[in-house]
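Reader: Please take a close look at a single part of this model, the place where the two chains meet. I would like one connected account of it.

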Protein chains: 2
Amino acid sequence: MSEFDDALRLKPDGPSAYAAELSDDWRIGGAINGGILLGLLGSALRETLGPGGHPDPLSLSAYYLSSSHGGPASVDTEVVRAGGTVSTAAATLCQDGVDRMRVLATYGDLGRLGGEVHATMPPPGMPPPQECVTLPPPESLDTAFLNRFELRFDPEAPSGDLAMQGWFRLADDREPDVLLLLMAVDVLPPVTFQLGRFGWAPTLELTAHVHAHPAPGWLRVRHESRHFVGGLLQEDSQVWDSTGRLVASGRQLARPPRQSN
Amino acid sequence: MSEFDDALRLKPDGPSAYAAELSDDWRIGGAINGGILLGLLGSALRETLGPGGHPDPLSLSAYYLSSSHGGPASVDTEVVRAGGTVSTAAATLCQDGVDRMRVLATYGDLGRLGGEVHATMPPPGMPPPQECVTLPPPESLDTAFLNRFELRFDPEAPSGDLAMQGWFRLADDREPDVLLLLMAVDVLPPVTFQLGRFGWAPTLELTAHVHAHPAPGWLRVRHESRHFVGGLLQEDSQVWDSTGRLVASGRQLARPPRQSN
C-alpha cells in the first residue's frame, strides 16, 4: 500500500462515521498538511456517496478551523441531497473533541461528463522534470511532509511574480487519481515565498474543482495570487496531467505569513 | 426600505433560526435567483456572527440543492467556530421541508484588515455607463429579477470570448454593501450566452470572497469562463467599486444550459 493510500485509510465507525489515524509523516510547520486532510475527507465522502453512483468530487469546499496533529481523528459525513446525476454531502474532521475542518462537497461521475472542449487552460511551458530544480526548504520549517513527494520547480519562471510552478509526483510513485488532485491543488509553498516570506500561510477556505481523471505520470502544478491585499491572500491553483489536460483547479483564501526578517 | 433590504429581511424564529419571505420579484427562469438567496444567507450569518465582532463575509461557499419559489422559507444557522479575528458558521435555507441551499462561511471585520497592496486586479477598461448598452432578455425567459437592477454591458467587449462585463446598480439606487456584493458575483447572465445558449446555467457551487467594503455608486462586474469542458462550466467573476478597487470575487461550478435551437 502506498503512503498516500495509507494516510487516507478509514475505518467505519457507525453508519456515516469513520476513524482515521493522522500521521506525523504528513506534518509541516507544526501541523498536519491541509492538502492530505482534504484527501482524507474526500475519501470519506467517496465512501459515503460512491455506492450511489457518485464516486468523484466535482466541487469540494473546505473551511479550516484549527490545526491537526499526529494521532487519532474522526470523520463524520452527512448526505445532504442524493440526486440523479450529482449528490451533495457534508463532512467534519474532529480531533481531541474539537472540529478541525468542515467540508461541503458535490460528487458525481467524471466518466459520465461530456468531453466537448469550449474553453480550458493549457499547461504553462516548463522544462522537463529532469531540467527543473528542487528547492531546499526554509531551515526553520518542520518538513516531514516534503519527503512524501517530489517537487521540481521551473527555474525559468520569472521571480518576483506572485506565482510558482513545477512538476509533482508522490515519492513512492503511486499514480495520481482524483483524491491526489485534492492534495495537489494546495501542494506548492505559498506564493508569498516569492516575497521572501517563508512562513506557512494558514488556509481559511479552499475550494477544489476536479475536472477529469488524471492520466498516470507527473502532474504540472501552478499557484498564483492575483489578489493579495494586506491581511488576506487569494491564491489560485491549476493542476494538469501528463497529457497536458487541466484536471483540477483550486482557489483558497489564506492568511499570509508574517514578514520574515 | 429598499427592495433589496426588503428581500433580505429576516424574522428571528428561535436562537439561531430565521423566517424569511421569498418574493417572486426576484424570480428568473422559474426560480428565485441564487444571488439574492446568497445575500439572504449572508444576512442571516451576519445576524449570527456580527454581535461577536465579525459582521463581514470574507469567504462564503454555497451549494445549491434545489430551486426556490416565492413564499415562506426558513434559515437555520450554526456557529462552527467563534474565533478572535474570524468566525466560521454554517447555514441552511429550507422551503417546503426541503433543503434548498447549504452554506459554509468565514466572517471577520473588513475594517480591521491591512490595506497594503501586493497584488490586485485592476478593473477592465469600459466606456462609462451612459455609453454602455442594455440587452433585451431572451424572450423565453421569465424575468422579474431583471427589473430589480440596471445592467449596462460594454458594447466593445470582444464577442465570442466566454466573458461578459458591464456596470451594475440596483434600480432603486440603494448603494452597494458587502451583502449586495454576494449578489453581484453572480448577477450577469451565464457566459454561455456568448455561445448562443440563452438558457439559465444552474449553479452547483459558488464561493464568494469579499475583499473590501464598496464605495457608493456603480459597480463594475466581469464574468469569464476559463474552463468549460462538456458537462460542467467553471465561471469566475470580479466586482470593482466606483473607485476601481476590487471588492469581491467569485467562482462557480455550473451546469451549462442545453444547446439552443
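Author: The model is a predicted one.

The contact itself draws 54 residues from chain B and 54 residues from chain A. Of the interface residues of chain B, 100% are also interface residues in chain A, so the copies meet through the same surface.

The size of an interface is often given as the accessible area lost when the parts come together. Between chain B and chain A, about 4500 Å² is buried, with 58% of it on carbon and sulfur atoms. On the side of chain B, the residues that lose the most area to chain A are B:Tyr63, B:Leu104 and B:Arg226; together they account for 15% of what that side buries.

Next come the polar links. Between chain B and chain A, 31 residue pairs are in polar contact, counting pairs with both residues at pLDDT 80 or more. The side of chain B that touches chain A is made up of 22 nonpolar, 21 polar and eleven charged residues. Four salt bridges are found across the interface of chain B and chain A. One of them joins B:Glu78 to A:Arg102, with the closest N and O atoms 2.8 Å apart.

The chains are also linked by strand pairing. Strand β9 of chain A, residues 117–119, pairs with strand β13 of chain B, residues 219–229, in the antiparallel sense and over two bridges. Within this pairing, A:Ala119 stands opposite B:Phe228 in β13(B).

B:Ala19 stands opposite B:Ser74 in β6(B). B:Ala19 of β2(B) is also the bridge partner of B:Lys11. Strand β1 of chain B, residues 11–12, is joined by two bridges to strand β2, residues 17–22, and these strands run antiparallel. Their hairpin has four residues between the strands, and in it B:Gly14 takes a positive phi near 120°.

Technical notes
Residues are numbered from 1 along each chain as its sequence is written. Chains are lettered from A and ligands numbered from 1 in the order in which they are written. This is a predicted model: local features need pLDDT of at least 70, side-chain atom pairs count only at pLDDT 80 or more; totals for chains, interfaces and linings use all residues. Side-chain values use heavy atoms; hydrogens and water are left out. Contact means heavy atoms within 4.5 Å. Buried area is the accessible area (1.4 Å probe) that two parts lose on being put together, summed over both. A salt bridge is a side-chain nitrogen of Lys or Arg within 4 Å of a carboxyl oxygen of Asp or Glu. A polar contact is a pair of N or O atoms within 3.5 Å; within protein, one must be able to donate a hydrogen and the other to accept it, and residues adjacent in sequence count only if both atoms are side-chain atoms. Ala, Val, Leu, Ile, Met, Phe, Trp, Tyr, Cys and Pro count as nonpolar, Asp, Glu, Lys and Arg as charged, and the others, Gly among them, as polar. Two strands pair if DSSP finds at least two bridges between them.
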